[in-house]
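This report looks at aromatic rings and at how they pair with one another. Please keep the sequence and the model in view while reading.

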Amino acid sequence: MNKIYYLLALLLIPMSTAFSQDVLTAQEAVTIAMENNFDILLTKKDVIIAKENATYGNAGILPNLTANFTQSNSNQNSKQTQITGEVRELENAKNNSMNYGVSLGWTIFDGFGMFARYEKLNQLKSRGDLELKSIILTTVGDVLNMYYTIVLEENLLHTIDSSIAISNDRLKTAENRFQIGKASKLEVLNVQVNLNEDQSLRFRKMETIANLKTELNRLLARDLTIDFDVEDQFQFNENLEINALLEEATNQNIELQLIKLDKRLAELEQKDVRSKRLPVVRLNSGYNFSSSESSLGFVAQSNARGLTYGVTASLNIFDGFNQRRSERVAKQMVEKASLQIERSKELINATILKAYQSYMTNISLTKLEERNERIAKQNLNITLDKYKIGTISAVEFRDAQENYVNAVSRLKEANYQAKLSEVGLKELVGNLDF
């Protein structure tokens, strides 16, 4: 009997104690994903690009300074008839000209459109940061879901191993009973069938765990063949409050923040479109050098240099009502963004409420399954005593054994679902505590 109690105690021994390989914690898995995951790395590149684009020059606020150089040469047979009737003719007449200098152009007013564009570039940079955070949250959520799925499957595997140990002991007991004439050969065969069934389940469970570890390694963007152990327990928060979650989601939910930012981008686009109604004023300046030579002409050689400057102004008077159309479209885009914000608020709140209900249900189930596990264990102990004295059959003991194993499995599953509910809620809110 002490041996059976020892086998039952195996159900509570962490799997990590049975092996010496390194344990990968949930925090370590998230850290590796943050450093290696390809989706995160690609999105970080987009953020860098958006930051590079958010400059005064890209918005058109700064002046443009260009250097120019032009040289042309010709060698022609020329014949000129002057107004006086004189004919001038020259073979291989050379004409050379060269111009070089710098030009400065600066738009000093465009209806304030340049400032709207600059703010829009900064908003796009902020949008890139939000998209990166969204990818990080999604990746962290995927990593945690996969990680805790492996924890569950490892626990279930341990439960199967404990069941196999119990079945082995039952087989020895049945064989002993058969040898002394207290049991039939059929009882021994039934126990052997039960043992084979448990071993078959173990093979399937090991395959499942191996595939899950491969998938987690893929999420972590590392060698797919790396083997590892995981933590054996689910630590979940039982004290999440719905009002606090809803309030936190208002400020931190990534989807809602992105839609609010899109509305601001629409407002800036509207401001940029309206700026087209106002005049554009541009300053122009430059300093140029020029020289020319001509073998045949009134001027054989000339040189010039000096400063040029001026101002240009333009105003859109009529463009086929396209300006009015653009303003109306921009206004509709702003109103559409406002409606999307309200719709998203309702959808996000409804999703959080439903997820919270699942969370509360799973918390309750963990407490129920804890009680069921204790009852099933007591039942197995009583059944074991009866089996030892021969008042019940091996089939009845197998039923009690399966009830206990199933109760332990349901408890592990309930803890797993409670943890996933917590992760899902925090992902919806926009804060996974990592």
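A residue counts as exposed when its relative accessible area is over 50%, as buried when that area is under 20%, and as partly exposed in between. The structure discussed here is a predicted model, and F69, with a relative accessibility of 54%, therefore counts as exposed. Y100 counts as partly exposed, because its relative accessibility is 36%, and Y56 likewise counts as partly exposed at 44%.

Across the whole structure, a search finds ten aromatic pairs. A pair of aromatic rings is described by the distance of the centres and the angle of the planes. One of the pairs joins Y56 and Y118, whose planes stand at 10° with the ring centres 4.3 Å apart, so this pair is stacked. Y56 belongs to helix α4 (residues 56-59) and Y118 to helix α5 (residues 113-179), so that the pair links distant parts of the chain, 62 residues apart.

The rings of F69 and Y100 form a pair that is tilted, because their planes are at 35° and their centres lie 6.4 Å apart. Here too distant parts of the chain are linked, with F69 in strand β2 (residues 64-81) and Y100 in strand β3 (residues 87-109), 31 residues apart. F69 and Y100 also belong to one aromatic cluster, together with Y287 and F289.

The two pairs are set out below.

| Pair | Distance of centres | Angle of planes | Arrangement |
|---|---|---|---|
| Y56 and Y118 | 4.3 Å | 10° | stacked |
| F69 and Y100 | 6.4 Å | 35° | tilted |

Technical notes:
Residues numbered from 1 in each chain as written. Predicted model: local features only at pLDDT ≥ 70, side-chain atom pairs only at ≥ 80, totals over all residues. Heavy atoms only, no water. Phe/Tyr/Trp six-rings, centres within 6.5 Å; stacked < 30°, edge-to-face > 60°. Helix = DSSP H or I, 4+ residues; strand = E, 2+ residues; numbered from the N terminus. Buried < 20%, exposed > 50% of the residue type's maximum accessible area, 1.4 Å probe, protein only.
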